[in-house]
Amino acid sequence: MKHKHLPKRKIALVAAGVAAVAAAAVLLPNANASQSPAPPADAAPPQALTARSAADVASRLSSEFGSSIAGAYWDPAAGRLVVNVAGNDTEAVRQARQAGAVPRQVRNTTDELTGAAGTLKQNATIPGTAWAVDPRTNQILVTADRTVTGEKWDTLQATVRSLGGGMARIERSAGRITPFVAGGDAIFADGARCSLGFNVVKDGAPAFLTAGHCGVAFPTWSDTQGGAPVATVTDATFPGNGDFALVTYDDPNADAPSEVDLGNGQALPINGAADAAVGQEVFRTGSTTGLHNGTVLGLDATVNYPEGTVTGLIQTDVCAEPGDSGGSLFTRDGSAIGLTSGGSGDCEAGGETFFQPVTTALAAVGAELG
């Protein structure tokens, strides 16, 4: 388990880890470029923002102006935050510009989009479907995998049509939306494999986060296939309001540094947890497919797995495969973003992958990054 302390593999220099991630962004065969549209031509020049500070600005504006702020997204090419403003809230526009963002007028309010998501939940909770608000189009993006056919497909289409034009759209996925069970670093339990997400500390004891569907399936986990257990599940959620588990190391003196294994003997130090921003570049590592990168497509996603519905996830176009469950989603600068939940596709054909936000998982289990 490379997230645990292994002196011969630990990389002391932060620059080495960052350089590895930077190189991966160029060399990965499935890297994805942002397709974010440009903001209005009359927008005021934005201040300098990072993707991390952009998420904080978007959260503050949403809290202050409520439904007038209909989401936001990060435009990585221009290095700016675009904030959707519904209606004629001139004060929201002014505050957005003052915060360094670019305001963009849109049709659908947050309340309308939330209401539409509620209709989907009531009438179209169908295994193999998922939905999240796409702030770049000011719509709900509904994803349906290859198993949604016949009456299920008719029901989904009818529900989307009932929302009215411009409120939601459906995209087909060639794969099958499932949790990525089979199996950061590999962890094992009775023939199953998942991936370690991030090392954390709770009440002074070392532990780690992984996917909830791994935690509810098996009570103990090992760092070698067929090996003795080294950690015990103490908290797990799946399905429901998330997909996360806290697993406590059996050895209270286990040295579990806060870092992510990048492969090739290199590690990236993790310096804190952060909320995701739509349009943000992210990296994922898992025990099956290693290191891949992509873009955040949506927040607060609802995913209807065969095992049940999970809410509050991050939707991305980063690839993943069975065995990557629980693995780390993070940024180039070492911010912990998410834990791999599930999705469709693979790392040859591509697909969608959903992640549990680290910030909400930490709050739910009462832990902090180690």
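Q: Across which strands does α7 lie, and at about what angle does α7 run to β14?
A: In this predicted model, local features need pLDDT of at least 70, side-chain atom pairs count only at pLDDT 80 or more, and totals for chains, interfaces and linings use all residues. Residues are numbered from 1 along each chain as its sequence is written, and side-chain values use heavy atoms, with hydrogens and water left out. Contact means heavy atoms within 4.5 Å, axes are lines fitted to C-alpha atoms, for helices over the stretch in contact, with angles from 0 to 180 degrees between N-to-C directions, and helices (H or I, at least four residues) and strands (E, at least two) are DSSP runs numbered from the N terminus. Helix α7 lies across β10, β11, β13 (231-237), β14 (244-249) and β24, and its angle to β14 is about 60°.

Q: Which residues of α7 are buried, and why are they on the same side of α7?
A: Buried means under 20% relative accessible area with a 1.4 Å probe, protein chains only, and V358, A361, L362 and V365 of α7 (residues 358-365) are buried. They lie on the same side of α7 because they cover an arc, taken from the directions from the helix axis to the C-beta atoms, of only 100° around the axis.

Q: In what order do the six strands of the open sheet stand, and which are the edge strands?
A: Two strands pair if DSSP finds at least two bridges between them, and in this open sheet the pairing is antiparallel, in the order β12-β13-β14-β11-β10-β24. Pairing on one side only marks the edge strands, β12 (220-221) and β24 (368-369).

Q: Which residue in β11 stands opposite V201?
A: Strands β10 (residues 198-202) and β11 (residues 205-210) run antiparallel and are joined by five bridges. Opposite V201 stands P206.

Definitions and conventions
Buried means under 20% relative accessible area, exposed over 50%, partly exposed in between (1.4 Å probe, protein chains only).
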